Amino acid sequence: MAETFGSPSRRRDDAGGPAAGDPERRGKLPPRRKSIEVRVGNIVLGGEHPIRVQTMTTSRTSDREAVLAEARRLEDAGAELIRVTVRDAESLANVPALKAALRVPLVADIHFDYRMAIGSIEAGADKVRINPGNIGGGERLREVVRAAAGRGVAIRIGINSGSLERDILDRYGYPCPEALRDSALRWIERCESWGYRSIVVSVKSSDVPAMVESYRLLAAACDYPLHLGVTEAGPPPYGTIKSAVGIGALLLEGIGDTIRVSLTADSALEVQAGFDILQATGRRLTRPELIACPTCGRKEIDVEKMVAEVKAELDRRGIRKPVKISILGCVVNGPGEAREADVGIAVGRGKGVVFRRGEAVRSVETPAIMSALMEEIERFLAGENGDCLPGPGRGCSL
Ligand code: SF4
C-alpha cells in the first residue's frame with residue numbers, strides 16, 4: 001500500500017489474511033488490523049511494518065545538554081521514536097540539535113500553542129503530536145497541517161478526555177469511549193478535507209477498560225495507524241501492569257502500530273516495558289525469552305539462581321535472537337511443562353535433561369548443564385530457520 005500523502009482513507013474492512021509464516025497463521029493470534037502506512041522520518045508506521053516502541057524525554061527541552069543526553073540514552077536503550085515537549089521558544093531552539101543527534105525519528109509534543117508545532121516542523125521534527133482541541137482547532141489546525149504537508153511531516157492527533165469539544169461532551173454527558181472516538185474522527189475528517197492523510201491517532205485514557213474500548217471503537221471506524229498507551233499509568237510496578245493490560249489486550253486483538261508505556265520513572269524503563277509487552281503478546285519478538293517454573297516442593301535446584309546464570313551466559317555469548325528457553329526445577333513434571341519452549345532443561349539430583357520442543361535430546365551431569373544448554377540453543381538458532389523461528393503462535397516480525 002502506498003504511503004499516505006494522497007492515498008485515500010479507507011474505513012476498516014476485512015482485507016486479506018496474514019502472509020504465510022506470520023504468527024497469526026499458526027492459530028494463536030488474530031491478524032493485525034490493516035492500517036495505512038504513514039512515514040515518520042526514516043521509519044514507517046502501520047501496514048505490516050513492525051510495531052514500534054516509543055518514549056518521551058522528561059528533561060526540560062530548553063536545557064540543551066540535559067535533553068540531548070537523555071535522548072541519546074533512550075536511543076541507546078532501544079527507543080524507536082523519541083518525543084520531546086516543545087512548549088516555548090527556548091525548547092524550539094533545541095529541536096535542530098536533537099534532530100541532528102538522533103538516528104531515530106524525533107517527535108515534537110505540542111500543547112496549546114500551534115506556533116510551536118509549525119516551528120518544530122520547520123526545525124526538522126519528523127512528527128508533531130497535537131491535540132487539536134487544545135490548540136484552538138479550525139484555522140490553527142489548518143496552519144499546522146499546511147506546514148506538515150509541505151515538509152512530509154506526520155501528525156499524531158492525540159485525543160484525551162480532558163479537552164473534548166463541548167458539543168461532543170454535551171452529546172454523551174461525559175468523556176466516554178464514544179466521545180473520544182467522535183472527537184478523533186472529527187479532526188481526522190477535517191485533515192482529510194484538506195487532502196492531508198499522514199495521520200497517526202491516539203485516544204488515551206488512564207482508565208484501562210475505557211482506553212481499550214476507545215481504541216476498539218476507533219479501530220473499527222478508521223484505518224490510520226494507532227498509537228497505543230495508557231496515559232498517566234503511574235510508577236512501576238503497577239504502572240507497568242496497567243500498561244501491559246491495556247496495550248496488551250489491544251495488541252492481542254491485532255490493534256496497534258506503535259506503543260508508548262507511560263511511567264512515572266526513568267523513560268528507559270518505558271522502552272524495556274514496551275518491548276516486553278510486544279514479546280509477551282507475540283506481536284514482535286526481539287530477544288530470547290526465558291520460561292522458568294515457579295518451583296514447588298519437588299524442586300531439585302535453585303531455579304532463580306539458574307535463571308540468572310542463563311541470562312548472564314546469553315548476554316556473554318551475545319545471543320539476542322528470539323528463542324524460547326525453559327528452565328525447570330525437576331525432571332518429573334519438567335518435560336511436559338517444557339513442551340512450548342524451543343530449548344529447555346529440567347534438572348534433577350546430580351544431572352539434568354536437555355529438551356528441544358519437548359523431546360529429550362541429551363542427559364548430562366550437573367556441572368555440564370550450562371554448556372549443554374548453550375550448545376543446544378546455538379544449534380537451534382543455527383538450524384532450519386536462522387533468524388525467524390517458527391513455533392506455536394510465534395514468529396520473527398523484526
Ligand atoms: S517443574 Fe518441577 S519443580 Fe518446577 S513447578 Fe513443575 S513440578 Fe515443581
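Predicted model: local features only at pLDDT ≥ 70, side-chain atom pairs only at ≥ 80, totals over all residues.
Helices α4 (residues 114–123) and α6 pack with their axes 9 Å apart, at an angle of about 5 degrees. Because angles under 35 degrees count as roughly parallel, α4 and α6 fall into that class. On the α4 side, the contact is formed by Tyr114, Ala117, Ile118, Ile121 and Glu122. These residues meet Arg140, Glu143, Val144, Ala147, Ala148 and Arg151 of α6. By class, the contact of α4 with α6 comprises seven nonpolar and four charged residues, with no polar ones.

A second contact joins helix α12 (residues 303–317) to helix α14 (residues 369–381), whose axes come within 11 Å and cross at roughly 50 degrees. The two helices are therefore oblique to each other, and the crossing is right-handed. Glu309, Val310, Glu313 and Arg317 are the α12 residues involved, and their partners in α14 are Met370, Leu373 and Met374. Four nonpolar and three charged residues make up the contact of α12 with α14, and no polar residue takes part.

Helix α8 (residues 177–193) has 17 residues, which at 1.5 Å a residue should span 24 Å; the end C-alpha atoms are 24 Å apart, so the two values agree. Buried positions in α8 are Pro177, Ala179, Leu180, Arg181, Asp182, Ser183, Ala184, Trp187, Ile188 and Cys191. The elements covering these buried residues include the helices α5 (132–135), α6 (138–151), α7 (166–172) and α9 (208–221), together with the strands β7 (154–160) and β8 (199–204). Just after α8, glycine 195 adopts a positive phi of about 80 degrees.

Key
Residues numbered from 1 in each chain as written. Axes fitted to C-alpha atoms, helices over the stretch in contact; angles between N-to-C directions. Helix = DSSP H or I, 4+ residues; strand = E, 2+ residues; numbered from the N terminus. Parallel < 35°, antiparallel > 145°, perpendicular 65-115°, else oblique. Left-handed = near helix turned anticlockwise from the far one by under 90°. Contact = placed C-beta atoms within 7 Å. Nonpolar A, V, L, I, M, F, W, Y, C, P; charged D, E, K, R; others polar. Expected span 1.5 Å × (residues − 1). Buried ≥ 20, exposed ≤ 12 C-beta atoms within 10 Å, placed from the backbone.
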